[in-house]
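Please read them with the structure open beside you.

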Amino acid sequence: MALTVLALESSCDETAAAVVRNRQILGQAIASQIGLHGPWGGVVPELAAREHVTAVNRVLAETLAQAQIPWAAIDGIAVTAAPGLIGSLLVGVSAAKTLALIHHKPLIGVHHLEGHLCSVLLTDPQLDPPFLCLLVSGGHSSLVWVPAFGTYQILGQTRDDAAGEAFDKVARLLGLGYPGGPAIERAAREGNPYAYPLPPGRIAEAPLDFSFSGLKTAVRRLCEKFPPEALPVADIAASFQHTVAEALVQRTLRGAEQVGATTIAAVGGVAANTHLRSRLQAEAAAQGRRVVFPPLSLCTDNAAMIGCAGALRLARGQISPLSLAPLSRLNLTDSDQLYR
Ligand code: KG4
Ligand code: ZN
């Protein structure tokens with residue numbers, strides 16, 4: 001049965017809404033806060049929460065106008081409930097509860113990473129688990145084996161910084177703006193990826209885990225060797241980007257081999273990176289594995305992915321109580337907690 005879900009996402013610095021009918025996006029709108037946080041070099045939680053309050057009604061109205069759908073046709077209200085910035089999450093969750101209460105619809109709290117994972121289902125409506133998912137965003141980096149929707153086996157994860165966080169921190173060291181990922185990608189276009197060998201952060205006892213803090217320190221030491229006006233920004237950006245991409249590709253392929261995955265999905269903000277996409281595509285193809293990437297607009301935070309996850313939870317009869325409280329931290333493998 002086709003389920004139509006209105007979804008909200010406000011876990012970090014985007015206020016987003018979408019109407020999704022199973023795997024089809026009927027309408028969506030996003031208000032980005034990049035301009036607000038840019039001057040601070042990162043997301044300021046208090047500012048983010050206040051901006052969500054200002055934006056949420058406008059984003060909702062725009063989404064509903066686009067979707068052209070009566071309330072009677074909406075089967076549920078999905079919202080990112082965890083993990084994220086608590087003040088930001090609270091805005092989306094409060095708005096979703098209000099809508100659920102007024103319109104007598106079930107409320108479906110969604111784990112933000114399950115949302116990212118579902119972005120690939122919106123990309124390829126024929127795709128179903130099992131697949132291996134490289135989930136790389138600003139707050140998380142993990143390699144997840146998905147034998148079935150709702151069943152997650154974490155094969156590897158970061159020991160310290162997330163991949164996106166490393167991009168953001170290195171961009172700051174190089175004097176590039178926020179968010180760091182797109183800025184590094186732009187700078188790297190003019191650079192030599194082999195100019196400076198950097199540590200890939202291997203962990204001998206856990207070969208599928210990631211570590212990016214040593215890499216960030218190595219970049220800082222490298223930067224200190226140059227006078228600020230002579231910093232080889234493009235070469236450092238390209239070398240850093242290449243090192244991160246190789247670390248991610250190598251672990252992903254190793255994981256794919258381990259579980260026998262024929263399909264690999266790469267999701268989250270860092271999966272928007274063109275260099276990572278082409279390296280993963282090439283290496284996976286050489287092993288006869290297929291890679292699915294969401295379009296760039298579905299890699300970074302959006303509500304359509306939350307709606308897709310919400311529809312799948314709703315189809316299983318999983319709804320959240322109206323007492324649902326947002327959580328700043330929650331493991332993906334504990335997502336079922338949102339439905340008790
Ligand atoms: O998934 P996302 O929008 O938000 C979180 O859930 O964290 O990811 C944001 C992260 C930021 O760290 C940003 O620098 C990174 O994704 N990012 C990129 C690119 N676009 C965004 N990293 C590398 N290359 C990109 N093109
Ligand atoms: Zn995200």
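This is a predicted model: local features need pLDDT of at least 70, side-chain atom pairs count only at pLDDT 80 or more; totals for chains, interfaces and linings use all residues.

1. Residues are numbered from 1 along each chain as its sequence is written, chains are lettered from A and ligands numbered from 1 in the order in which they are written, and side-chain values use heavy atoms, with hydrogens and water left out.

2. Over the whole structure, a search finds 13 salt bridges, a salt bridge being a side-chain nitrogen of Lys or Arg within 4 Å of a carboxyl oxygen of Asp or Glu. One of them pairs the side chains of Glu114 and Arg313, with 2.6 Å from N to O. Glu114 belongs to helix α4 (residues 112-123) and Arg313 to helix α11 (residues 304-315), so this pair ties together parts that are 199 residues apart in sequence. Helices (H or I, at least four residues) and strands (E, at least two) are DSSP runs, numbered from the N terminus. Glu114 and Arg313 are both buried, where buried means under 20% relative accessible area, exposed over 50%, and partly exposed in between (1.4 Å probe, protein chains only).

3. Lys216 is buried, at a relative accessible area of 17%, and through shared partners the salt bridges join Asp161, Glu165, Lys169 and Lys216 into one network. Asp161 itself counts as buried at 7% relative accessibility, whereas Lys169, at 25%, counts as partly exposed.

4. How does α5 pack against α6? The axes of α5 and helix α6 (residues 180-188) come within 7 Å and cross at roughly 60 degrees, which makes α5 oblique to α6. Axes are lines fitted to C-alpha atoms, for helices over the stretch in contact, and angles run from 0 to 180 degrees between N-to-C directions; angles under 35 degrees count as roughly parallel, over 145 as roughly antiparallel, 65 to 115 as roughly perpendicular and the rest as oblique. On the α5 side Phe167, Asp168, Val170 and Ala171 meet Gly180, Gly181 and Ile184 of α6, contact meaning heavy atoms within 4.5 Å.

5. Against α7, by comparison, α5 packs at an angle of about 10 degrees, with the axes 10 Å apart, and the two helices are therefore roughly parallel to each other. Lys169, Val170 and Leu173 of α5 make this contact with Lys216, Val219, Arg220 and Cys223 of α7. The buried residues of α5 are Ala163, Gly164, Ala166, Phe167, Asp168, Val170 and Ala171, and what covers them includes β6 (131-136), β7 (141-148), α6, α7 and α8 (233-259).

6. Gly27, in strand β3 (residues 24-32), counts as buried at 2% relative accessibility, and beyond its neighbours within four places in sequence it is in contact with Ala17, Ala18, Val19, Thr63, Gln66 and Ala67. Ser119 is placed in helix α4 and is buried with a relative accessible area of 0%; leaving out residues up to four places away in sequence, Ser119 touches Val267, Pro294, Leu298 and Met305.

7. On the backbone, the peptide bond from Ala82 to Pro83 is cis, with omega near -20 degrees, and Pro83 lies in the loop between β4 (76-82) and α3 (86-103). Another cis peptide bond joins Pro129 and Pro130, with omega about 10 degrees, and Pro130 lies in the loop between α4 and β6.

8. Asn22, which is not a glycine, has phi near 45 degrees and counts as partly exposed at 31% relative accessibility. His104, likewise not a glycine, has a positive phi of about 55 degrees and counts as exposed at 69%.
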